[in-house]
Amino acid sequence: MEKSGEFRRGWPVLAAASVGIGLGMSPLPFYTIGVFIPPLLAEFGGQGWDVGFIINALAVYTFGSMAAAPIIGILAEKFGARRVALVSIITFSLSLMAISLNTGSKSLYILLWLLLAMSGVGTLPITFTRPVANWFKANRGIALGIALITTGVFGALAKYFAQFMVQHSDWRLAYVAVGCLPLVISLPLSLVALRDVDDVPASESALTRFKIPILMVSFIGALGFSGIVISQVLESIAKNGVRFEYILPFAYMPLVFIPVVCMLLFKVGTKPPEVKKHDNGEAVILPGMTLREALRSWRFWLLAICFVPISYAVGAVIPNIEQVLTQSGMGMDEAVGLATLTGLAVLGGRVIGGFLIDRFWAPAVAFTFLASPAFALWLLGHPDVNANTATIAILMIGFGAGVEYDFMAYMVSKYFGMRAYSAIYGSIYAFFGMGAGLGPGIMTNLANGSGIKLIEWETGLLLGKDWQFTLTTAGIILFVSTVPLLFLGRYRYTEEGDHAEAIAEAEETVETAHA
């Protein structure tokens with residue numbers, strides 16, 4: 001298939017996956033938790049809640065997703081990514097709304113976040129990137145980049161959305177409203193267009209006949225979401241004047257509407273790539289390792305271990321940006337506005353990084369993208385950081401964050417093949433989630449001088465000092481942990497030589513096992 005033909009054929013799948021990821025568990029709780037800290041403190045501060053406890057919800061979220069991610073990957077292999085994603089969108093939405101039920105009980109707060117992690121893990125890229133990787137081969141890197149840009153875009157817009165709801169109603173209604181977004185916007189798109197190559201084609205599905213009423217739900221939801229975001233942005237402009245970060249949401253808006261408008265106007269029943277079959281009609285097993293074989297490969301463990309500190313250093317600072325900036329004397333509205341710049345940078349990182357890994361050796365690209373934000377962390381940690389410096393630092397951090405998911409998904413397909421893609425990706429994602437989920441709370445407690453604290457457990461380790469010390473240390477950790485990626489070696493599974501590389505990898509695995 002020609003390169004351009006992949007996009008003509010696979011754009012509906014790509015569009016549905018991008019919105020599903022953008023309104024999934026990866027960005028929504030992660031990007032919005034900083035907005036909910038002030039109202040939660042105001043209501044429950046007298047009951048012993050503090051910033052560290054509130055943001056340590058992400059640690060609970062991490063433990064839940066670490067446990068569930070490999071299971072979801074296996075389920076996606078067994079029942080198909082489409083089924084797992086559709087069910088998970090519903091359960092994720094309901095569990096996000098359920099956070100509004102908090103009464104001040106710390107146990108209930110922890111339980112609700114654990115429920116969120118366990119019920120929403122199927123909305124992570126583990127499931128949505130499998131169909132994308134199968135529909136796109138020559139353009140796999142850029143396709144994954146496009147599918148994943150929405151984590152930053154929708155995450156940035158969700159900050160404004162949540163801020164408006166908190167200011168004009170209360171934090172409980174705000175959580176219900178945020179929880180409605182995936183149910184109303186992404187579910188209709190996935191129902192119509194999210195299909196793997198071995199699913200019933202959209203052209204043969206009864207749902208496609210009713211695409212207009214189904215997709216109108218998504219269109220109306222996108223209108224409401226955009227209207228609230230614009231209202232909040234206009235309020236911020238009236239208060240702080242016109243600023244670059246307030247212009248960005250208007251640039252992001254087309255990405256909210258393009259998927260649903262294109263599906264409304266154009267044919268979504270495109271023909272999937274042909275699945276190779278045996279003479280008896282059964283599908284040929286895709287080249288690649290099983291999960292068990294991957295677990296015996298040193299490359300699996302190199303990726304898994306390296307992504308723990310990488311995700312801590314890059315990912316953990318994002319939900320803490322509002323804290324860092326407000327402690328430097330900025331107001332919350334200004335801090336939220338600057339924090340949304342991560343969306344622009346993530347978008348750039350996704351697209352540019354995806355384009356480059358299709359053409360150059362991906363580990364070298366990833367090293368360049370992930371090591372460069374180390375300097376930005378040092379800049380952001382200065383106690384007297386101003387808006388201009390903060391803007392540069394946030395853009396650099398977001399640019400680095402933009403390539404994490406792309407790199408992980410692409411590397412799984414190139415080093416382990418597509419045979420057990422979701423199961424292997426889910427297992428590596430569990431390690432990634434450890435750093436990203438535990439990191440925000442660890443950063444907060446280190447910066448406050450209280451040391452590493454897991455939920456309510458005082459470990460007494462690394463008492464820390466301040467944000468300058470914490471972020472500078474994170475920068476050093478980031479640079480050091482990206483170096484081992486350069487030792488991954490050549491790809492094991494390529495379009496031209498899948499079978500030869502599969503044999504080579506199998507031989508290597510056997511040799512390792514005997515050793």
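**Note on the predicted model**

1. Arginine 299 sits in helix 15, which spans residues 298-315. This is a predicted model, and the points below should be read that way. Arginine 299 is buried, with a relative accessible area of 5%. Its C-alpha atom is separated by 9.4 Å from that of leucine 485. Along the chain, arginine 299 and leucine 485 are 186 residues apart.

2. Next, the salt bridges. The structure holds three of them. One joins the side chains of arginine 172 and glutamate 43, at 2.6 Å from N to O. Arginine 172 belongs to helix 10 (residues 171-193) and glutamate 43 to helix 2 (residues 28-44), so this pair ties together parts 129 residues apart in sequence. How accessible are the two partners? Arginine 172 counts as partly exposed, at 26% relative accessibility. Glutamate 43 also counts as partly exposed, at 37%.

3. Glutamate 77 lies in helix 4 (residues 57-79) and arginine 130 in helix 7, so the contact ties together parts that are 53 residues apart in sequence. Arginine 130 forms a salt bridge with aspartate 196 too, where the closest N and O atoms are 3.3 Å apart. Aspartate 196 is in the loop between helix 10 and helix 11 (206-209), so this second pair ties helix 7 to a part 66 residues apart in sequence.

4. Arginine 130 is buried, with a relative accessible area of 9%. Aspartate 196 counts as buried, at 5% relative accessibility. Glutamate 77 is partly exposed, with a relative accessible area of 26%. The cut-off for buried is under 20% relative accessible area.

5. Helix 7 covers residues 125-135, and eleven of its eleven residues are buried, so the helix is largely enclosed by the rest of the structure. Arg130 is one of those buried residues. Others on the list include Pro125, Ile126, Phe128, Pro131, Val132 and Trp135. Thr127, Thr129 and Asn134 are buried in helix 7 as well.

6. Helix 19 (residues 362-371) is mostly covered, with seven of its ten residues buried. Which residues of helix 19 are buried? They are Ala362, Pro363, Val365, Ala366, Phe369, Leu370 and Ala371.

7. Now a helix pair. Helix 12 takes in residues 211-240, and helix 13 takes in residues 244-265. Their axes come within 10 Å and cross at roughly 175°. Helix 12 and helix 13 are therefore roughly antiparallel to each other. The residues of this contact divide into 22 nonpolar, four polar and one charged.

8. The surface has a nonpolar patch of about 650 Å². Which residues make this nonpolar surface patch? Trp361, Ile476, Phe479, Val480, Val483, Leu486 and Phe487 do. Valine 480 is placed in helix 24 (residues 467-482). Valine 480 is exposed, with a relative accessible area of 52%. The cut-off for exposed is over 50%.

9. Isoleucine 54 is in helix 3 (residues 51-55). Isoleucine 54 is buried, at a relative accessible area of 0%. Its C-alpha atom and that of lysine 106 are separated by 9.3 Å.

10. Alanine 345 is found in helix 18 (residues 341-357). Alanine 345 is buried, with a relative accessible area of 4%. How far apart are alanine 345 and methionine 396 in space, C-alpha to C-alpha? The distance is 7.0 Å, while in sequence they are 51 residues apart.

Definitions and conventions: Residues are numbered from 1 along each chain as its sequence is written. This is a predicted model: local features need pLDDT of at least 70, side-chain atom pairs count only at pLDDT 80 or more; totals for chains, interfaces and linings use all residues. Side-chain values use heavy atoms; hydrogens and water are left out. Axes are lines fitted to C-alpha atoms, for helices over the stretch in contact, and angles run from 0 to 180 degrees between N-to-C directions. Helices (H or I, at least four residues) and strands (E, at least two) are DSSP runs, numbered from the N terminus. Angles under 35 degrees count as roughly parallel, over 145 as roughly antiparallel, 65 to 115 as roughly perpendicular and the rest as oblique. Ala, Val, Leu, Ile, Met, Phe, Trp, Tyr, Cys and Pro count as nonpolar, Asp, Glu, Lys and Arg as charged, and the others, Gly among them, as polar. Patches are made of residues with over 30% relative accessible area and no salt bridge: like charges are joined within 9 Å, nonpolar side chains (Val, Leu, Ile, Met, Phe, Trp, Tyr) within 5 Å. Accessible areas come from the Shrake-Rupley method with a 1.4 Å probe; for residues, only the protein chains shown count as cover. A salt bridge is a side-chain nitrogen of Lys or Arg within 4 Å of a carboxyl oxygen of Asp or Glu. Buried means under 20% relative accessible area, exposed over 50%, partly exposed in between (1.4 Å probe, protein chains only).
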